[in-house]
Amino acid sequence: MHHPAAPDHPVRGREIALLTNPTAGRGKGARHRDAALLRLRESGFVVRNLEGRDADEAADLARACVADGVEALVVCGGDGLVHLGVQAVAGTGVPLGLIPSGTGNDVARYLGLPRTDPVAAADRIIASRRRTIDLARSGDRWFVTVLAAGFDAIVNERANAMTWPRGQMRYNLATLAELRTFRPIHYTLQLDSGSGSETIEHEAMLVAVGNGPSFGGGLRITEGALLDDGLLDVVVITRMTKPKLVRSYPRLFTGRIDGVQEYVHRRVRSVTIAAPGIVAYADGERFGPLPLTVECVPGALEVIA
């Protein structure tokens, strides 16, 4: 039990965990942590300053803090670290706070958090306003943004296998390399809208399942998805010619795809996606091979926004 604090020190003695990926955003993680940590401690929070040597250790630290009853888990990094933090807090009622310092920061974009000013982001943690949002769940794993299971996921696989060049250029090269040999993929989708389920099959370039509207730094593939409507947005880009894919590909990510006739958009409570040889990505992280069943879990995450 916390005793009521004196009004001039509203957070005195409250303990939170701050988990950092120091290499996020090409080193912004460490810089943003230092600025945020100072602000949080000055305001009276007791902050456990944590950093895993790798993702597994970071996940263990996050889970241990939640089990230990910290008041909030705050992550300082990009969407990859948000993804890791969500695995620890989903369904627990422990809120997730965010000091954005990645390259994408789509979750911060969703929540209207300051994306370049760690002190302003820390002030949001201090104010401690909570919001409840939906999560997507597949088995015992969760995601916040978008699950990609098509051409974009194949590009991700190739880019991850490349050691050169660094950064965005690697994705551009991987995209060009995959375009040369890419064939439409045969998908079977089982869609459950809540009032009934149907199975559809498509020869398609891409299938994306969005809890929110964007991923990968504002790529708005599931434009219109809402974080708290209890539904997932399923987008299918059906078979198109290579030249058309090259022309349309940038548009797929700006949210201006209604005019593309190959664009199919459905809202569902759950979806099962099957396709041969595809590894899905969610929140930009390798998520697992198809087939996968993804469901919306309403109100599964408390965030400090």
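## Briefing on a predicted protein model

Alanine 153 touches Ala148, Val279 and Tyr281, leaving aside residues up to four places away in sequence, where contact means heavy atoms within 4.5 Å. This is a predicted model, in which local features need pLDDT of at least 70 and side-chain atom pairs count only at pLDDT 80 or more, while totals for chains, interfaces and linings use all residues. Residues are numbered from 1 along each chain as its sequence is written, and side-chain values use heavy atoms, with hydrogens and water left out.

**Confidence**

- The protein chain averages a pLDDT of 91, and 95% of the residues score at least 70, pLDDT being the predictor's confidence in each residue on a scale from 0 to 100.
- Over residues 1–10 pLDDT stays under 50, and for this stretch the model has three contacts beyond four places in sequence.

- Alanine 153 is found in helix α6, the helices (H or I, at least four residues) and strands (E, at least two) being DSSP runs numbered from the N terminus.
- With 0% relative accessibility, alanine 153 counts as buried; the term means under 20% relative accessible area, against over 50% for exposed and in between for partly exposed (1.4 Å probe, protein chains only).
- The C-alpha atoms of alanine 153 and histidine 202 are separated by 17 Å, the two residues being 49 residues apart along the chain.
- The buried residues of α6 are Phe151, Asp152, Ala153, Val155, Asn156 and Ala159, and they pack against β7 (146–148), α7, β9, α8 and β13 (279–282).

- The axes of helix α6 (residues 151–161) and α7 come within 9 Å and cross at roughly 120°, which makes α6 oblique to α7. Axes here are lines fitted to C-alpha atoms, for helices over the stretch in contact, and angles run from 0 to 180 degrees between N-to-C directions.
- Angles under 35 degrees count as roughly parallel, over 145 as roughly antiparallel, 65 to 115 as roughly perpendicular and the rest as oblique.
- The crossing of α6 and α7 is right-handed, a label used if the near helix is turned clockwise from the far one by less than a right angle, and left-handed if anticlockwise.
- On the α6 side of this pair, the residues Phe151, Ile154, Val155, Asn156, Arg158, Ala159 and Asn160 meet Arg170, Tyr171, Ala174, Thr175, Ala177, Glu178 and Leu179 in α7.
- Helix α7 (residues 168–181) also meets helix α8 (residues 242–252), their axes coming within 10 Å and crossing at roughly 155°, and the two are therefore roughly antiparallel to each other.
- α7 passes α8 in a right-handed crossing, with Thr175, Leu179, Arg180 and Thr181 in α7 meeting Lys242, Leu245, Val246 and Tyr249 in α8.

**Nonpolar cores**

- The largest nonpolar core has 51 residues, of which Leu147, Leu189, Val209, Val234, Val271, Ile273 and Leu290 touch the most other members; such a core is a set of buried Ala, Val, Leu, Ile, Met, Phe, Trp, Tyr and Cys residues joined through side-chain atoms within 4.5 Å.
- Strand β9 (residues 197–210) supplies the largest share of this core, seven residues.
- A second, separate core of 35 residues includes Val94, Leu96, Leu113 and Leu135.
- Leucine 147 touches Val207, Ala208, Val209, Ile273, Ala280, Tyr281, Ala282, Phe287 and Leu292, again not counting residues up to four places away in sequence.

**Backbone features in loops**

- A cis peptide bond, with omega about -10°, joins tryptophan 164 and proline 165, and proline 165 is found in the loop between α6 and α7.
- The peptide bond from leucine 290 to proline 291 is cis, with omega near 0°, and proline 291 is found in the loop between β14 (285–289) and β15 (292–304).
- Asparagine 105, although not a glycine, has a positive phi of about 55°; its place is in the loop between β4 (96–100) and α4 (106–111), where asparagine 105 is buried with a relative accessible area of 7%.
- Serine 128 has a positive phi of about 55° although it is not a glycine; serine 128 sits in the loop between α5 (118–127) and β5 (130–138) and is partly exposed, with a relative accessible area of 24%.
- Serine 101 lies in the loop between β4 and α4, counts as buried at 0% relative accessibility, and touches Ala24, Gly25, Lys28, Gly29, His32, Cys76, Gly77 and Gly78, not counting residues up to four places away in sequence.
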